[in-house]
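This report describes the fold, the helix packing and a few selected residues of one structure. The sequence and coordinates come first, and the description follows.

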Amino acid sequence: MLSYPSNMVFPFLPGRLVSFRDGRLLLELVYSLMDSESIAEDRQQTNTSLAAEIEDVRLSRKGDSDAYTRLIKRHQSHISRILWRFSRDKLVHEELVQDVFVEAYMSLHSYRQEAPFDHWLSRIATRVGYRYWKQQARRHETESFSLAEWDQLPDKSPDEMDAGRAAELLHRLLGQLKPRDRLVLTLRYLEGCDVAETARRTGWTKSMVKVQSLRARKRLEKLFAQAGKELKR
Amino acid sequence: MKNERFLEALAARARSESPPAVDVAGRVIARLSAQQSRIERMAEKPLLWLAAASSAVAVPAVIIAIMVYNASTGPLYEISQAISWVTQ
């Protein structure tokens, strides 16, 4: 049995003897109460920002540019992050971010508030990025990448590699694939999306995402195999 | 050749990269207002064409009307009117 000072840990139990197990349970209770309070506060904050966002969407639909500016400022870093996977050229990247918000404004009437606004925006961003890749492919503008360069990478864990260099390498490597394959692998590898999220972002079905991922991986392996043969020659 | 696990590890490393900071709000609003005014101008264009077409039709119609009016009040017309009254 442990005796807690009446005025310290449990001031609501003055001078009572509390067993260690009871004490631990009470502590857990106090912590869970504190947690639930902070969760409630977080939830309240989220609700407030969500309500503000819905209001801004409503005002934007009526043509309030200040409301739309607020929406852009709130979501531009998220959209910028998504589109940085589609183009690593700063000028093109910024142009694509702009395109997303212009396109979003034009189709704002179709936003039904069933999903969070940033989910809706990320779908548009993926579409804009994919369209950019398709245009690039049509113009045969693929970024150069030698698989010998890839093979020369040290075998040690890439954790020590600079994040920017890792992203750049992957970007150029996946750039050797067709836009469709590139999209699914970028979302799965680089964005870390699961099948459901990839399906939501691309507008494809889950089974289509699975099939497409499999095909894209095979094509990537084929690319590696071809490069391996070339390197051996 | 590096295996898929290496690729995944590389992707995980790449995910921690932060993209360049952008502030596109001003430019987006400018593009939207430019687009809006272009749309408004485009909306005005059919009306302009309609106005031009109606005036193109109206001007000859007025000319013909004046000519008919002048012809109908000429001396020859009055004589023919008088003859038709006598023959009745």
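What percentage of the 88 residues in chain B do buried residues make up? The figure is 17%. The model is predicted, and the values below are computed from it.

**Chains**

Chain B has 3 helices and 0 strands, and its order along the sequence is α-α-α. Chain A has 9 helices and 2 strands. Of the 233 residues in chain A, 40% are buried. When contacts in chain A are limited to pairs at least 6 residues apart in sequence, 56% of them join residues at least 24 apart.

In soluble globular proteins, nonpolar side chains tend to be buried together. In this model the largest nonpolar core holds 60 residues, and A:Ile79, A:Phe101 and A:Leu220 are the members that touch the most others. Helix α4 of chain A, residues 117-138, supplies the largest share of this core, with 9 residues.

The surroundings of A:Ile79 can be listed directly. Setting aside residues up to four places away in sequence, A:Ile79 touches A:Val97, A:Val100, A:Phe101, A:Leu121, A:Ser122 and A:Ala125. One of these, A:Phe101, is also named among the core members that touch the most others.

**Helix packing**

Two packed helices are described by the angle between their axes and the distance between the axes.

| Helix pair | Angle between axes | Axis separation |
|---|---|---|
| α6(A) and α7(A) | about 155° | 10 Å |
| α2(A) and α4(A) | roughly 45° | within 10 Å |

Helix α6 covers residues 163-174 and helix α7 residues 179-190 of chain A, and the two pack at about 155°. An angle over 145 degrees counts as roughly antiparallel, so α6(A) is roughly antiparallel to α7(A). The crossing of this pair is right-handed. From α6(A), the contact uses A:Leu170, A:His171 and A:Leu174; from α7(A), it uses A:Arg182, A:Leu185, A:Thr186 and A:Leu190. By class, the residues of this contact are 4 nonpolar, 2 polar and 1 charged.

The other pair joins helix α2, residues 65-83 of chain A, to α4(A), with a crossing angle of roughly 45°. The two helices are therefore oblique to each other. Their crossing is right-handed. On the α2(A) side, the contact is formed by A:Leu71, A:His75, A:His78, A:Ile79, A:Ile82 and A:Leu83, which meet A:Phe117, A:Asp118, A:Leu121, A:Ser122, A:Ala125 and A:Gly129 of α4(A). This contact divides into 7 nonpolar, 4 polar and 1 charged residues. A:Ile79, named above for its core contacts, is one of the α2(A) residues here.

**Residues of helix α4**

Which residues does A:Trp120 contact, leaving aside neighbours within four places in sequence? They are A:Ala104, A:Ser107, A:Leu108, A:Ser110 and A:Tyr111. A:Trp120 belongs to helix α4 of chain A. Its relative accessibility is 15%, so A:Trp120 counts as buried. The C-alpha atoms of A:Trp120 and A:Ala104 are 8.7 Å apart, for a separation of 16 residues along the chain.

A:Thr126 is also placed in helix α4 of chain A. A:Thr126 is buried because its relative accessible area is 2%, and the cut-off for buried is under 20%. Outside the four places on either side in sequence, A:Thr126 is in contact with A:Phe86, A:Leu183, A:Leu187 and A:Arg201.

A:Lys134 lies in helix α4 of chain A as well. With 35% relative accessibility, A:Lys134 counts as partly exposed. A:Lys134 and A:Lys178 are 44 residues apart in sequence, and their C-alpha atoms are 8.5 Å apart in space.

A:Asp181 is part of helix α7 of chain A. At 1% relative accessibility, this residue counts as buried. Apart from neighbours within four places in sequence, A:Asp181 is in contact with A:Gln212, A:Ala216 and A:Arg219.

Key. Residues numbered from 1 in each chain as written. Chains lettered and ligands numbered in written order. Predicted model: local features only at pLDDT ≥ 70, side-chain atom pairs only at ≥ 80, totals over all residues. Heavy atoms only, no water. Core = buried A, V, L, I, M, F, W, Y, C linked by side-chain atoms within 4.5 Å. Buried < 20%, exposed > 50% of the residue type's maximum accessible area, 1.4 Å probe, protein only. Helix = DSSP H or I, 4+ residues; strand = E, 2+ residues; numbered from the N terminus. Contact = heavy atoms within 4.5 Å. Axes fitted to C-alpha atoms, helices over the stretch in contact; angles between N-to-C directions. Parallel < 35°, antiparallel > 145°, perpendicular 65-115°, else oblique. Left-handed = near helix turned anticlockwise from the far one by under 90°. Nonpolar A, V, L, I, M, F, W, Y, C, P; charged D, E, K, R; others polar.
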